[in-house]
Amino acid sequence: MKKKIPHRLYLSEDQLPKQWYNLRADMKELPDPMLNPANFQPATAEELYAVFCNELAHQELDNTTRYFDIPEEIQEFYKMYRPSPLIRAYHLEKALGTPAKIYYKYEGNNTSGSHKLNSAVAQAYYAKKQGLSGLTTETGAGQWGTALAEACSYFNLPLIVYMVKVSYEQKPFRKSVMQTFDAQIIPSPSNTTNVGRKILEQNPNTGGSLGCAISEAVEKAVSTPGYRYVLGSVLNQVLLHQSVIGLESKTALEMLDEYPDIVIGCAGGGSNLGGLIAPFMQDKLLGKASPRIIAVEPASCPSLTRGKYAYDFCDTGKVTPLAKMYTLGCGFIPSPNHAGGLRYHGMSPVLSKLYHDGYMEAVAVEQTKVFEAAVLFAKQETILPAPESAHAIRGAIDEALKCKETGEAKTILFGLTGTGYFDMTAYNSYLEQTMTDFIPSDEDLQKAFSQLPKIPGIQ
Ligand SMILES: *Cc1c(COP(=O)(O)O)cnc(C)c1O
């Protein structure tokens, strides 16, 4: 008899992961090390201590420890909103008329509305344990700032958030949520830092960018005693924490006797994708399985599909270490009409390396296509997705439609990273048909590439 697969599968508390999985431990070739921009030597733990909490600096540099115990306190916090459900998209499958089986891991069931809380709580926990006086960070669309505000208020840790100015103006309620959790919000660029003042001087009307907000948050952290900086994506430590998404997904699929043929995630800085694919990529690296792994990025900010694999700064102000990654150049700022998040110029060094070595694929999609997928999904599955998440939906729908043509009943797993309630301005512009697509020209990209740092003997 055919086993009936439930619509939603929740693991029990005792099935939740007790360790995070570090993908780097199984990579055949490691990503190139982060470099100190002052001497172009690999950044050391001591150098990172000035910016990051000590424990997080160790996690950042540790390429060999395969599993890290999740501290009890963090496990307890996770239980307030985890496990997240693994959902079979029966209604979407039917609407598409596809033989494919579509599953999604839904990370929007918490106040931050995204997967970002998974790393926020870890980072706040280690900062508290080290006895720090506070943290600084940046936020673009606002999900990371919200997640970190929730986590910091839980551990009674002061937080300063540099919020990209356009978002600050377009999403006043995001600001209110963060303030509910006691965070101090500063629109970026601001006159509270040297780099902010410099950027404002050159470009007084700028709406800001993530890269610029990062520069301000880093400067503020290193110039305020007892403060450290935390980042919600891109870094190795963040991918490590986000591995809970993939580990839970894999256990849930095993309970259903399923294994994905295709794993799909949206890619901004790469943290949800890196977390979702972690145990499946492990199988691939160890030769146990060979799922296709697909990153979906915006055509307006196409770091994997059109970027260069090179050392670059992680921020516009050039205050961070250099990372080897697919990048559009740290001066790249996506067109202001780009509504869907995922606006970071670079990509996680781990994912960049895996992509470079052929372990995963990437596609770039235009935002009107993304919102079309978002609306179809919302109507079928009754979850209003974040525009970022809708990139993964687009990718999953496109693969499911290919299955319809070939008649193959593939199993597709995608990451539904969050909800879109604070993105209704973007939804409106799609619904009113004022949304347009913007694809940067080769000249635009060339201009940003020409600013890549010159590194003696390397690039
Ligand atoms: C931040 C965010 C993303 C993109 O970030 P990654 O680090 O690439 O995962 C995707 N979806 C949602 C809902 C987000 O908040």
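Reply: A contact here means heavy atoms within 4.5 Å. Among the contacts in the protein chain with a separation of 6 or more, 76% are accounted for by residues 24 or more positions apart. Please keep in mind that this is a predicted model, in which local features need pLDDT of at least 70 and side-chain atom pairs count only at pLDDT 80 or more, while totals for chains, interfaces and linings use all residues. Residues are numbered from 1 along each chain as its sequence is written, and side-chain values use heavy atoms, with hydrogens and water left out.

Me: What radius of gyration does the protein chain have, and what would a compact globule have?

Reply: The radius of gyration is taken over C-alpha atoms, and the globule rule is 2.2 Å times the number of residues to the power 0.38. For 459 residues a compact globule would have a radius near 23 Å, and the 21 Å of the protein chain agrees with this. Taken along the principal axes, the box that the C-alpha atoms fill is roughly 65 × 50 × 50 Å.

Me: What percentage of the residues count as buried?

Reply: Buried means under 20% relative accessible area, exposed over 50%, and partly exposed in between, with a 1.4 Å probe and protein chains only. By that reading, 62% of the 459 residues of the protein chain count as buried.

Me: How many disulfides are there?

Reply: A disulfide is a covalent bond between the sulfur atoms of two cysteines. The rule applied here asks for a pair of cysteine sulfur atoms within 2.5 Å, and by this rule the count comes to zero. For cysteine 266, the nearest cysteine sulfur, that of cysteine 301, is 13 Å away, and cysteine 266 is buried at 2% relative accessibility. Cysteine 314 is likewise in no disulfide, the nearest cysteine sulfur being that of cysteine 330 at 9.2 Å.

Me: Where do cis peptide bonds and positive phi values occur?

Reply: Most residues other than glycine have a negative phi, and most peptide bonds are trans. Helices (H or I, at least four residues) and strands (E, at least two) are DSSP runs, numbered from the N terminus. Proline 189 lies in the loop between strand S8 (184–188) and helix H9 (194–202). Aspartate 182 has a positive phi near 70 degrees and is exposed, with a relative accessible area of 64%.
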